[in-house]
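Let's take a look at this protein together, starting with the whole chain and then zooming in on a few side chains. Have the 3D view open as you read.

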Amino acid sequence: MKKSLFACSLALLLLLGCGSAAMAEGIIVSGDGQSGSVISGDPLSPALPQQTDAPINLGTTSAGSSLDLLLTASQDAMATAEVTFGQLPSGCYVESVLSGNSTLHYLRGTPSAAGSFSFTLTVKQGDFVLQTLTYSLSVMAAAPTVSGPDSARIFVGDSATLTVYASAADGGALSYQWYMNSYAGNQGGSQILGANSSSYQVNGEMPGTEYYYCVVTSSNNGVTGSTASQAATVTISEPTINALSVSSWPAKTNYQVGDTLDVTGMQLLAQWSNGINETVTNPADFTVSPTQLATAGTQTVTVSYRGAVTTFTVNVAQAQEVVQSIYLLTSPNRTSYTVGDTVDVTGMRLQVVSNLGIREISSGFNWAPQVLRSEGTQNITVSYQGQTTQFQVTVQPVQKVIESISISRRPTKLSYTVGDSFDPTGMVLQVRYTDRSIDEISGSSNGVTCVPTRLNQPGTQSITVSYQGFSTVLTLQVNRAAAAPTPSTPLSTATPTATPIPTRSPVVDTTSSHSNRSPLTLVVFLAAAIGLVALIAYLYVSRQNREAQQRAERAKLRAAKKAEPEIEPLDDEDEAEPVDEGDAETRDYFAGLFDEDETPAAEPPAEPPVEPVGPIGRHEKPSVQNTQNLKIFTDEDE
């Protein structure tokens, strides 16, 4: 029995030893060795580590940073833990937490002091020791919290104070070191010797931009932590003058024309942007304009100093000037002209030498001649207060430029018939030029064009006469061409349906006066009238002959009709009235001959008419009733 109990106890001790070793292997330490943290293993499957004298490294943390590290776990809900050797970091403690059937042991709290710490943790169940573990922990000094410095803008010669504000969570001692950098960053700067306080004074020695930052170090129990501040930008610029004024006028303020300005005794007051007021008395430090007083009356003088300006006035009296000579400094802008142009002296400058000195003028002088009347190289004489000088100009001849053309004499032939070609013989053009000269040229000369050349439309016709890009209009009268008579065969019923209307007589050009009508025009007019009378007589006689032939044709038809048997017409049919087709053809034919709108005439009868005989006369177009009466009369007469 005793042997059995001893065996069970031994087995229990071995089991507890194996569990302790497994728990030691389950602790995980993370960090970079300086400011890391310790993270425990899985608390739900704890294993008791074996008892060891070698410390278990918990890693590194910072003073002021809270801890929550799982040290070990016991598979016994009644297990307790206590620190039996060494010491915990100030502000830290061990806490046991029941989790299911296990007890978890944590290192918690916030270390307030830096240093290296080693402690032994003993886990018990009542008086029975389950585990004895040794741990080590490094606590770094807390890195200080830093704010500032602020950027600043100063002028050359001024200074600015940069300040940082720092604190350490562990209450460590703070030290400062300022750095100057070439860019707006807090790394890689140059250490400023002697700049070891929370503030640093920057002196503006020359214009530009500079960058400054401060590294604050906290020391705690021989351990340090550092923090670099943000970079401050310091802009250094030259001060400017906000206002410039004359605080004391010069001793001399009255002058004569031609005198030189004297600023002896003048003082300036400059108010700078950095708040400094400066009195300027040395004339070499400022400039004045003008220095030569050339205008009579009250004259304003401008004073300039360090980019700022101010003014004051002086009185300038007119002195009696005696001009001794003048010289041409700059010729006029224009030296080439055309005959008739006016001389332009814009741009010309003269040098005037007088008892008052030498000066330049660009106006107030006279010149002759002012209008250029002849071509070639000419001298223009310039005079000023009794003294003269000269310059030369080149005068080109005037080029004749056409201004307009017109018809001064109309052509000899003014009346045409459709189809004739225009004849410019006798026409004279008057050409006017811009120089007011006038030339006359023949309408048949080279370079004169007339459009159209062929007259194809009856009535008033416009001829465009052109010469060297200019044109004018000539109006002519174009007559219709006389229609040639065509022989035709007499129709079966030759009753006149239209009275021939004589064609229009040639229209005399109304644009010309009676005094311009030539004998040839009268001859043409009489010949046209005689031709018209002859045409009317021919048409009348032709119609009489056709009517006689048609009467004979009707007589034959009536005789043939009497020989045919008589056919009774049906009661319900209306007897159709015969159509006199020959009479319609005659009407169309005569209507075509005398159509004023030139409507194509009807085709004439195929057979030629008999030779015309009888008197000349004019008839009106008979009505239908007159035509029937004519037929009845003819039948009875036959």
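Here is a short tour, from the overall numbers down to single residues.

Keep in mind that this is a predicted model. Strands turn up a lot here: the protein chain has 40 of them, along with four helices. The table gathers some values for the chain as a whole.

| Feature of the protein chain | Value |
|---|---|
| Share of the 638 residues that are buried | 34% |

What about contacts between parts of the chain that are apart in sequence? Take the contacts between residues at least 6 apart: 62% of them link residues at least 24 apart.

Now for the rings. A pair of aromatic rings is described by how far apart the centres are and by the angle between the planes. Searching the whole structure turns up seven aromatic pairs. Another ring to look at belongs to Tyr-106: the charged end of Arg-108 sits over it, 4.3 Å from the ring's centre.

Last stop: the surface. Which residues form a nonpolar patch there? They are Leu-520, Val-523 and Val-524, and together they have about 280 Å² of accessible area. Val-524 belongs to helix H2, which covers residues 519-563. Why does Val-524 count as partly exposed? Because its relative accessibility is 43%, and partly exposed lies between the buried limit of under 20% and the exposed limit of over 50%.

Methods:
Residues are numbered from 1 along each chain as its sequence is written. This is a predicted model: local features need pLDDT of at least 70, side-chain atom pairs count only at pLDDT 80 or more; totals for chains, interfaces and linings use all residues. Side-chain values use heavy atoms; hydrogens and water are left out. Helices (H or I, at least four residues) and strands (E, at least two) are DSSP runs, numbered from the N terminus. Buried means under 20% relative accessible area, exposed over 50%, partly exposed in between (1.4 Å probe, protein chains only). Contact means heavy atoms within 4.5 Å. Rings of Phe, Tyr and Trp (its six-membered ring) pair if their centres lie within 6.5 Å; planes under 30 degrees apart count as stacked, over 60 as edge-to-face and the rest as tilted. A charge sits over a ring if NZ of Lys or CZ of Arg is within 6 Å of the ring centre and within 35 degrees of the ring normal. Patches are made of residues with over 30% relative accessible area and no salt bridge: like charges are joined within 9 Å, nonpolar side chains (Val, Leu, Ile, Met, Phe, Trp, Tyr) within 5 Å. Accessible areas come from the Shrake-Rupley method with a 1.4 Å probe; for residues, only the protein chains shown count as cover. A salt bridge is a side-chain nitrogen of Lys or Arg within 4 Å of a carboxyl oxygen of Asp or Glu.
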